[in-house]
Amino acid sequence: MVRTALHTLGFDEVSDVRVGRYLAVTLAGGREHAAARVTAMCERLLCNGVIEDYRFSLRDEPAAGPGE
Amino acid sequence: MSRVRFGIVVFPGTWSDRDCAHAVAQAGYEAVRLWHDDRSLDGVDCVILPGGFSYGDYLRAGAIAAHARIMTAVRSFAAAGGPVLGICNGFQVLCEAGLLPGALLRNRSLQFRCEWTHLRVEGCPTRFTAGLPADRPLRIPISHGEGRYHADPETIAGLEASGRVVLRYVDAGGAVCDAANPNGSLHGIAGVASAGGNVVGMMPHPERACELVLGSADGLGLFRAVAGAEREPVGPR
């Protein structure tokens with residue numbers, strides 16, 4: 001449906017469109033347990049395995065300096 | 001025998017709790033409200049998760065409510081065989097909570113549908129559908145944007161084989177057909193039950209069909225069925 005609308009607008013090169021959900025989750029602490037914790041969050045709440053799948057990547061946030 | 005008490009759970013964004021309480025009263029029973037943040041079910045005999053937009057449908061319809069504090073008590077109640085009925089958003093909550101299989105997707109039409117449907121009562125007898133007429137469809141309305149029942153083929157086959165599809169959209173004559181399927185649900189599924197028959201989820205709103213002035217009183221049967229089952233406990237099926 002989105003692809004059809006893009007074609008209507010002249011973006012004929014669009015061959016496929018995937019509509020999904022993007023979540024940005026900020027975690028306290030280090031990377032050590034982050035992957036396991038995020039996996040658990042996805043399994044228990046963020047993703048419904050009946051109708052959705054998920055993947056995630058981890059990125060270090062620069063620490064905020066004092067007074068910022 | 002004391003009077004049967006229905007506990008109606010209220011989440012932020014629930015809007016059908018008053019209608020459900022009215023329907024319970026119409027059926028001749030007592031209704032109490034249960035707050036989403038409560039730990040106790042206040043000793044009720046039956047739990048209803050009513051319709052609405054709990055937590056604004058954030059993340060997914062029913063996803064946040066499925067983890068509300070009262071759901072711990074609802075899980076224990078259901079595990080002990082207590083009757084739980086999820087209506088519309090309540091059905092979505094039960095699926096998100098894993099108390100019923102499957103999920104409810106956006107309607108095939110991509111539109112919110114608010115209209116009368118006909119439902120065939122079938123499958124195994126459950127706490128809410130035992131004794132309902134099987135010779136004619138029930139006339140009960142729907143009101144939802146995300147009611148298209150979905151599960152993987154093995155799950156659907158298992159539900160069908162075990163008689164856990166308990167309500168199905170049909171035409172006025174009782175026949176399953178695509179035109180009578182308001183949302184594109186697989187197999188025209190309108191309601192499913194747990195293996196024990198004590199947890200039932202349905203997208204249509206029986207509380208909106210509880211007196212003839214509303215156009216139908218067919219919905220009362222579900223509330224009466226569970227109350228009757230309370231008075232005369234049935235064994236494991």
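In which strand of chain B is the place of Arg148(B)? Arg148(B) sits in strand 8, which covers residues 148-150 of chain B. Keep in mind as you read that this is a predicted model. We will begin with that arginine, go on to the sheet, the helix and the core, and end with some loops and the contact between the chains.

- Is Arg148(B) buried or exposed? Arg148(B) counts as buried because 21 other C-beta atoms lie within 10 Å, and the cut-off for being buried is 20 or more.
- Leaving aside residues up to four places away in sequence, Arg148(B) touches Leu104(B), Leu105(B), Arg106(B), Asn107(B) and Arg108(B), and also Asn183(B), Gly184(B) and Ser185(B).
- Arg148(B) and Thr72(B) are 76 residues apart in sequence, and their C-alpha atoms are 27 Å apart in space.

**The sheet of chain B**

- Chain B has an open sheet of 9 strands, and you can trace them in the order 2-1-3-4-11-10-9-6-7, with mixed pairing.
- Strand 2 (30-35) and strand 7 (138-144) of chain B stand at the edges; each has a single partner strand, so one side of each has no neighbour in the sheet.
- On average, neighbouring strands of this sheet are turned by 25 degrees against each other, if direction is ignored.
- As a reminder, strands of a sheet pair through backbone hydrogen bonds, and they can do so in a parallel or an antiparallel way.

**Strand 10 and the strands beside it**

- How many of the 5 residues of strand 10 of chain B are buried? The count is 5 of 5 for this strand, which spans residues 189-193.
- Strand 10 of chain B pairs with strand 9 (residues 165-170) in the antiparallel sense over 3 bridges; Leu167(B) has Gly191(B) in strand 10 as its bridge partner.
- Strand 10 of chain B is also joined by 3 bridges to strand 11 (residues 199-202), and these two strands run antiparallel. Here Val192(B) has Gly201(B) as its bridge partner.
- Strands 10 and 11 of chain B form a hairpin with 5 residues between them, and in the turn Gly197(B) has a positive phi of about 75 degrees.
- Further along, strand 9 of chain B is joined by 4 bridges to strand 6 (residues 113-121), again running antiparallel. Arg120(B) has Arg168(B) in strand 9 as its bridge partner.

**Helix 2: two sides to look at**

- Which residues of helix 2 (residues 70-79) of chain B are buried? They are Ile70(B), Met71(B), Val74(B), Phe77(B) and Ala78(B).
- Look down the axis of helix 2 of chain B: its buried residues fall within an arc of 115 degrees, so they line one face of the helix.
- Thr72(B) and Ser76(B), on the other side of helix 2 of chain B, are exposed.
- The cover over the buried residues of helix 2 of chain B includes strand 1 (5-10), strand 2, strand 3 (46-49), strand 4 (84-87) and strand 11.
- Just after helix 2 of chain B comes Gly81(B), with a positive phi of about 95 degrees.

**The nonpolar core**

- In soluble globular proteins, nonpolar side chains tend to be buried together.
- The largest nonpolar core has 73 residues, and those that touch the most other members are Val9(B), Val47(B), Ile48(B) and Leu94(B).
- Not counting residues up to four places away in sequence, Val9(B) touches Leu34(B), His36(B), Val47(B), Ile48(B), Leu49(B) and Ile70(B).

**Residues in the loops**

- Asp42(B) lies in the loop between strand 2 and strand 3 of chain B. Its phi is near 60 degrees, a positive value in a residue other than glycine.
- Asp42(B) counts as exposed because it has 12 C-beta neighbours inside 10 Å.
- Asp57(B), in the loop between strand 3 and helix 2 of chain B, also has a positive phi near 60 degrees. With 18 other C-beta atoms within 10 Å, Asp57(B) is partly exposed.
- Val213(B) is found in the loop between strand 11 and helix 5 (220-231) of chain B. Val213(B) has 7 C-beta neighbours inside 10 Å, so it counts as exposed.

**Where the chains meet**

- The contact takes 4 residues from chain A and 9 residues from chain B.
- On the chain A side, these residues divide into 3 nonpolar, 1 polar and no charged.

Notes. Residues are numbered from 1 along each chain as its sequence is written. Chains are lettered from A and ligands numbered from 1 in the order in which they are written. This is a predicted model: local features need pLDDT of at least 70, side-chain atom pairs count only at pLDDT 80 or more; totals for chains, interfaces and linings use all residues. A nonpolar core is a set of buried Ala, Val, Leu, Ile, Met, Phe, Trp, Tyr and Cys residues joined through C-beta atoms within 7 Å. Two residues are in contact if their C-beta atoms, placed from the backbone, lie within 7 Å. Ala, Val, Leu, Ile, Met, Phe, Trp, Tyr, Cys and Pro count as nonpolar, Asp, Glu, Lys and Arg as charged, and the others, Gly among them, as polar. Two strands pair if DSSP finds at least two bridges between them. Axes are lines fitted to C-alpha atoms, for helices over the stretch in contact, and angles run from 0 to 180 degrees between N-to-C directions. The arc is that of the directions from the helix axis to the C-beta atoms.
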